[in-house]
Amino acid sequence: MLKKLSYVIPVLMLTACGILSPVQQRPVVNYEINDATVVGGMTCSESAARNVIFISPMQADLPYNNTKMYYTQKANELDAFGYGQWISSPNQMLTQVITKKIFKSCIYKGVVTSDALADANYRLVSKLITLRQHVAADGNSAEVSLVIYVELIDLERNQMVNSNIFIEKEASQPGTQAFADSANRLMVKFDNDLVSWLKQNSH
């Protein structure tokens, strides 16, 4: 009987240690996409622009219509980071960012969205095609790519003025923080490229 007890007691002690020492889970970090160059305080009251543009909410190709942060390290394989995510879907954040950027650019007399009712001369349609981090096979370096398709439509003539695919890339370090930092810098580049493109195509 004593031999049996000598085996049982250590087992009970190990079990108790497991109960008293829960595994600490790593918290999930939320990231946003913004354009730090777009600041408040500027209005377009003195602008000579006459046209109004309607900005449709940006659409997103699957799987980029959710909050996951995607990366790829092997051909034809797409994975999501486990401990980092976008605070909202990228296409929702990008819609807000480009709306502010276009308004601040003063290309148009007015900028309206789906939340407003107003007559517009142009409509901007956009779709997020890619937002991901390409990690090198050795895991020591990476590249972030942002690909967005846009269409500018003349609402008065009911025809497309022009369309374009913007491809923005930047070298990065692997991981969610570097991914988010690069995505924000690429958003600034895209905003500037988009404004230049709109100036060329809006008359």
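Here are a few questions and answers on the core, ring pairs and salt bridges of this predicted model.

Q: Which element gives the most residues to the largest nonpolar core?
A: That core has 37 residues, and Trp86, Leu124 and Leu128 are among those with the most contacts inside it. Elements giving two or more residues include β2 (52-55), β4 (68-72), α2 (90-105) and β7 (122-135). The top contributor, with ten residues, is α3.

Q: Which residues does Phe190 touch, leaving out those up to four places away in sequence?
A: Phe190 is listed among the core residues with the most contacts inside the core. With the sequence neighbours set aside, its partners are Ile98, Leu146, Ile148, Val150, Phe166 and Glu168.

Q: How many residues apart in sequence are the parts tied together by Trp86 and Phe179?
A: These two rings form an edge-to-face pair, 5.4 Å centre to centre and 75 degrees between the planes. Trp86 is buried at 1% relative accessible area, and Phe179 is buried at 0%. Because Trp86 lies in strand β5 (residues 79-86) and Phe179 in helix α3, the pair ties together parts whose separation in sequence is 93 residues.

Q: Which residues do ring pairs link into a cluster with Trp86?
A: The structure holds seven aromatic pairs, one of them being Trp86 with Phe179. Ring pairs join Trp86 into a cluster with Tyr71, Phe81 and Phe179.

Q: Why does the salt bridge between Lys127 and Asp61 tie together parts 66 residues apart in sequence?
A: The closest N and O atoms of Lys127 and Asp61 are 3.4 Å apart. Lys127 is partly exposed at 32% relative accessibility, and Asp61 is partly exposed at 27%. The pair spans those 66 residues because Lys127 lies in strand β7 and Asp61 in the loop between β3 (59-60) and β4.

Q: What is the N to O distance in the salt bridge of Glu170 and Arg185?
A: A search of the whole structure finds three salt bridges, and Glu170 with Arg185 is one of them. Glu170 lies in strand β9 (residues 159-172) and Arg185 in helix α3, so the pair ties together parts 15 residues apart in sequence. The N to O distance is 2.9 Å.

How values were computed: Residues are numbered from 1 along each chain as its sequence is written. This is a predicted model: local features need pLDDT of at least 70, side-chain atom pairs count only at pLDDT 80 or more; totals for chains, interfaces and linings use all residues. Side-chain values use heavy atoms; hydrogens and water are left out. A nonpolar core is a set of buried Ala, Val, Leu, Ile, Met, Phe, Trp, Tyr and Cys residues joined through side-chain atoms within 4.5 Å. Buried means under 20% relative accessible area, exposed over 50%, partly exposed in between (1.4 Å probe, protein chains only). Helices (H or I, at least four residues) and strands (E, at least two) are DSSP runs, numbered from the N terminus. Contact means heavy atoms within 4.5 Å. Rings of Phe, Tyr and Trp (its six-membered ring) pair if their centres lie within 6.5 Å; planes under 30 degrees apart count as stacked, over 60 as edge-to-face and the rest as tilted. A salt bridge is a side-chain nitrogen of Lys or Arg within 4 Å of a carboxyl oxygen of Asp or Glu.
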